Amino acid sequence: MNIHEYQAKQLLAQYGVAVPPGEVCDTPEAAKKIAEGLFAKGEKLVVVKSQIHAGGRGKGTFKSGFQGGVKLCKTADDVLEKATAMLGNVLVTKQSGPEGKLVSKLLVAAAPEIKKEFYCAVLLDRASSRPIMMVSTEGGVDIEEVAEKNPEKIVKETIDPAVGMMPYQARKLAAALGLKGDLIGNAAKLLMGVYKTWWESDAAMVEINPLCIVVGPDGKEALSAVDAKIGLDDNALYRHKNIQEMRDLAEEAPLEIEASKFNLNYIKLDGNIACLVNGAGLAMATMDIIQHFGGNPANFLDVGGGASKEQVTAAFKIILSDKNVKGILVNIFGGIMDCNIIATGIIAAVKETHLSIPLVVRLEGNNVVAGQKTLAESGLSLITGDTMADAAQKVVSAVGKI
Amino acid sequence: MSILVTPQTKVLVQGVTGSFGARHTQLSIEYGSQIVAGVTPGKGGQVFEHAGKKVPIFDTVAEAAQQTGATASAIFVPPPFAADAILEAIDAGLALAVCITEGIPVNDMVKVKRAMEGKTTRLIGPNCPGIVTPGEGKDSHGGCRIGIAPGYIHKKGNIGVVSRSGTLTYEAVWQLTCRGVGQSTCVGIGGDPVNGTSHLDVIKMFNDDPETHGIIMIGEIGGAAEEEAAEWIKANCKKPVAGFIAGATAPPGRRMGHAGAIVSGGKGTAAAKIAAFKDAGIGVAVTPSEMADTLLKMM
């Protein structure tokens, strides 16, 4: 699960990570009020930031034509004007897809003077099965590009989960960023907090980009998490009630939310051949084989090991609500499940949804002969495939003929 | 021989009284596997009965292992308690723990891996179908089945299968069996980002097993475990290896069902893994329908 920037900053602040003072709001008037408060405290510049789950907001364009989802303002009236232009409008960025995302919340925060920009992230290193913190002096830019062109500019510290991140590791990283004097201790405290946020929230990734040396209203330099992104481990959400409440359903695809209600793992793609498969690996492989034979998969859909009648019916309904879908490939390896029961479920689902597009079914496994017989005698105009390759070719050809 | 387990391996089941654990314990008993004990805290002294077999239930793994001589565990414990169950199996000194549970928090597994350092127990999984060493009987009856794989699709023979995915393993096994080719052992290592045993660990065991003559390795997007195995195979493996990688069409940044199946930061793509396979001389099945044929052509 992903959360918004303002939510990520709330979590980070709970663990002692300095973030620019600010608040979230959903009306232009409230934005103005927050800005007035910040200016009154001596801030010279305020930033208005669109809260959507997609990067590249600053360089994005609203469908209204308004340029930029992140704006710097010198007055509260300017904040009111920019907030009015953003709220309720759809922002398109390089990560949002062409359909864009509706901006319904804004973060209004202090925009202190920035002396230097760094990068910091905590994530799981799969090779060592341990967390790593990585920092770079190349902040505010695309870190993947840095990794490719200047890998030596990324410094990593592996963390022993038995003791957690130790202060010396944070100081090492601070030194690697070229920090001196008081800033070393200041950065070390912040980095420890970033790690603690990652570990205690069961995050999949915490990214601070940029992490900045900023000048406060008092003229003192300090580290601050100017932007933040947090992704969470879905498997661990059950033990974080506060984080569950941060879920923003408006950011998720409606069909994916519907699918999750039936324990179906569905991801919508751009193609026109839907697939319904049991098992994640087989579901991926089914998408791959559709493409291999010249088709274009419309979704990833794993119905799990069971593939009950209720699940198959729900899955058909979800597949059919995607208007791009022109054909369906069902690929079930009934290991333990009786293929005949699965066949009965498919027939019921076809009847209940009044299916009118080509359906290719490939069943394999337990009691498969009876299952195929049931399908053949159903009177439905479905096509059966013997192997995955056979079924994939048949569905690609059936859709091609439409 | 085989790897990890033989038909004689004595197996205990943690979470034997849950509906999922109970169902698959019944199937393992029907398959002829040596299920000697169950463990459910608070239900010690009760008996798990199926098909005329009486399996004693114990409160702790240590007790179960001591009294029955079990050396392997099948873990069917719900996600919040699974890390604890794995560590209990390790503490009891079992040779093998196979964790079927899907949905364990990643940080729990990070802790488990750290706690396992220096221990002798081998962990397979989590989020995996388990292990099958096929038996000599009809439909491979009499083999050792730990986990949730359908037993009857197997056939005793000389091909080793290792995979991150359950149903793709069954697909490969069934292709082999339909061609009259049997398997030495089939191992599902699981779809999570942190697991006990890697592709490479299993490949090394297959390489050392005289009964294994060829290997099918099935991978998917995410991580770099397939590349690591390929590099080792290139320099060391004496046996033909065929492989398949799932997820060539998966969009970057999305988890494809398995927690570990994600392309992030341009890393873990199917293209990179397929290139590593080809470079190592591993036969690449262009589609999942050709996994068995790709290997058989090499043998």
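## Reading two interfaces of chain B

Modeller: Between chain B and chain A there are 5 salt bridges, a salt bridge being a side-chain nitrogen of Lys or Arg within 4 Å of a carboxyl oxygen of Asp or Glu. This is a predicted model, in which local features need pLDDT of at least 70 and side-chain atom pairs count only at pLDDT 80 or more, while totals for chains, interfaces and linings use all residues. Residues are numbered from 1 along each chain as its sequence is written, chains are lettered from A and ligands numbered from 1 in the order in which they are written, and side-chain values use heavy atoms, with hydrogens and water left out.

Colleague: Which residue of chain A forms a salt bridge with Glu117(B)?

Modeller: The partner of Glu117(B) is Arg130(A), and the closest N and O atoms of the pair are 2.7 Å apart.

Colleague: How many residues does each chain bring to the contact, and what area is buried between them?

Modeller: Contact means heavy atoms within 4.5 Å, and on that rule chain B gives 57 residues and chain A gives 48 residues. Buried area is the accessible area (1.4 Å probe) that two parts lose on being put together, summed over both; between chain B and chain A this comes to about 3,900 Å², with carbon and sulfur atoms giving 61%. On the chain B side, Asn107(B), Thr249(B) and Met256(B) lose the most area to chain A, together 16% of what that side buries.

Colleague: What is the count of salt bridges between domain 1 and domain 2 of chain B?

Modeller: The count between domain 1 and domain 2 of chain B is 1 salt bridge. Arg122(B) forms a salt bridge with Asp201(B), where the closest N and O atoms are 3.8 Å apart.
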